[in-house]
Amino acid sequence: MRVIFKRVISLILVLSLLLCSDSCIKVLKAQTTIDSIMDTNEETYEEDKVEKYHVFEDGTMEFQSSMGPYYMIDFVNGDIVECSCGSAKLISCEVSESGILTLKIISSQMPVEKTYVFDVSSPGDKFTEDDAITEYTVSDGGRIIFDSLYGPYYHIDYINKSIISCTSEGAKIIDCILSEDYRNLKLTVWSNERPVETTYEFDLTQIEQKDKIRNYTIYADGVLKIEFTKSPYCEIDYLQKKVLVSSSDYCELKRCELTDEGKILELTLFSNQVPMDRAFSIDMTKNCISDFYYSNNSIITEAPYVTASPVIEVSPGLSPLPDVSVSSDVNPTPYVSVSPDVNPTPYVSVSPDVNPTPGVSVSPDSGESPGVSVGLDSGTSSDITPKVGEQIPVSNSVSIGSYEQKTETEQDESDKIRIKKIKCDKENAIITCTGKLQEKNKICIYRQTKAEGKYKKIATVKKFKYTDHTVEAGYTYYYKIGEKGSTDLSDSSKIYIDMTVPEFEIKKCVTDTGVKYLQIMAKKWSGDRIGIEVKAEGTDYKKVPLKDSKLSSKKNTFNLSYSKEGKSLTFKLYTYKNINGKVLESRKVYMTVNL
């Protein structure tokens, strides 16, 4: 009998488990309860505050405080249009002539009289507290990165007045004003996260403190090559006071003056790379070399003021020679000075068998005005009528046969491959290039996690747009680009990779045994853990203690059981991960559920 009884009991238990297995599994999943979080803390009513409210054109406004219910108030007629709690009473409602609304309300959710003050003088979204910058960084190329207390994270190009990246949708620049010395910035922006025009002011001289002279070289003919830590590389003719070559799209020499009996050179530069007036003092007694900048260039460039003596003088009564060439020991000069007693039109050309010394030939036509032209053939020459003793500059383009080659300055400014812009999209770095690429050549992409140091080549591409899928959120990356086979790389550009804004879904569920629970499902995210905070009416946010917060493609649902109904819960959801001991969190997502 005992054996039969035990077998019957075992059979009953097995059937019970089979019938209730689905319910048992669901109950086990809903281990975390949030009933205690829904209890009201009456001692915290004094901390209640309103951060945001909206004023409508029909004389109504809506708001919800941190601890009180949601209200829609008709402030013209002094009435409560809507309230999210069971009962509420409007004790007083007064609007001043300047449009300041003062409300005194009591409700079942907050059973104490609370006074609120609002500005209803104009419709739209309003904020009770001014936003403030928490941190900002000024970088090369006229860019600024900043975050604020109540607004999104911005990365802005204030020279071109464009938003490179923003953690909020709908972000736009309303106004962007730079001071005359480019040291202060006043920026007005708008975004969906903070849908009101907000003005911030910045001191841009952070970058000035990091900008120093790295090295320089002084040539014997008055040219200075100089390299900075932040400002662009420059080659400057300090005698003519002009910039010959610059690695920046735009570089202006605002001051160039020798002081202290020529021992010190005072320079003031302005460039797109460091968009402010930068003053430098250079010791002219150091780093001097005996080489000549202009004569060493393989391409003829415009030299400082050099007046050449006439190579050939033709007397008025002498028949012109059909072709007279200058011997190879005559140094070329880019300027030709015409002697007052020369009537025939001299023609300056480069002799085919003399390199690079130009030859001088005299045209037999003495009846026309004298003219000077530079080139190998008459098709590329242009007549110039000089005055006596006048200096005639050579063109910036030099003809060699039928091939026209630009000067080094022109090539750097218009043809050099460089980064036009870089942005973060879905945890990828998107690089857009500009410049002229040689036929059938490619662009090399280099990357580094520090501003200085050796850059590693990560890709070789044909197109002028490249997406780097190998970056990770929470890191700043620096990029340089250049043509394949060239060691001349662009200036570095950096980008901070933000975490993807997560997407969640919340469902109300019930097990077969009647256990109620909320199922929170992560549909899109980055990071490897989930953070859940929740508040009920009349409470502050409290973190939900999960037994396992790990988040993966196989585990993306989290169940929270509850027994109390008739409550409204607001969830603050986010994902995060640990990077080198530092916790990186995504943007917060807020969702409200009525139980």
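**Aromatic pairs**

I searched the whole structure, a predicted model, for aromatic pairs and found 17. My rule was that rings of Phe, Tyr and Trp (its six-membered ring) pair if their centres lie within 6.5 Å, with planes under 30 degrees apart counted as stacked, over 60 as edge-to-face and the rest as tilted.

I looked up Phe146 and Phe202: their ring centres are 5.0 Å apart and their planes stand at 50°, so I logged the pair as tilted. This pair links distant parts of the chain, with Phe146 in strand E11 (residues 143-148) and Phe202 in strand E16 (residues 198-203), 56 residues apart. Strands (E, at least two residues) are DSSP runs, numbered from the N terminus. Both Phe146 and Phe202 are buried, where buried means under 20% relative accessible area, exposed over 50% and partly exposed in between (1.4 Å probe, protein chains only).

I also noted a cluster in which ring pairs link Tyr53, Phe63, Tyr71, Tyr116 and Phe118.

**Ground rules for my notes**

I number residues from 1 along each chain as its sequence is written, and my side-chain values use heavy atoms, leaving out hydrogens and water. As the model is predicted, I ask for pLDDT of at least 70 for local features and count side-chain atom pairs only at pLDDT 80 or more, while totals for chains, interfaces and linings use all residues.

**Charges over rings**

Next I checked for lysines over tyrosine rings. I count a charge over a ring if NZ of Lys or CZ of Arg is within 6 Å of the ring centre and within 35 degrees of the ring normal. Lys572 lies over the face of Tyr541, 4.5 Å from the ring centre. Lys588 has its charged end over the ring of Tyr574, at 5.0 Å from the centre.

**The sheet around E11**

Which strands form the open sheet with E11? I read the order as E10-E11-E12-E13, four strands with antiparallel pairing; two strands pair if DSSP finds at least two bridges between them. Strand E10 (133-139) and E13 are the edge strands, each pairing on one side only. Neighbouring strands here are turned by 20° against each other on average, direction ignored; the axes are lines fitted to C-alpha atoms.

E12 and E13 run antiparallel and are joined by four bridges. One bridge I looked up has Asp157 partnered with Ser162 in E13.

**Positive phi**

Lys161 sits in the loop between strand E12 (154-157) and strand E13 (162-166). Its phi is near 55°, positive in a residue other than glycine. Lys161 is exposed, with a relative accessible area of 52%.

Asp260, not a glycine either, has a positive phi of about 55°. I found Asp260 in the loop between strand E21 (251-259) and strand E22 (264-271).

Notes:
Axes fitted to C-alpha atoms, helices over the stretch in contact; angles between N-to-C directions.
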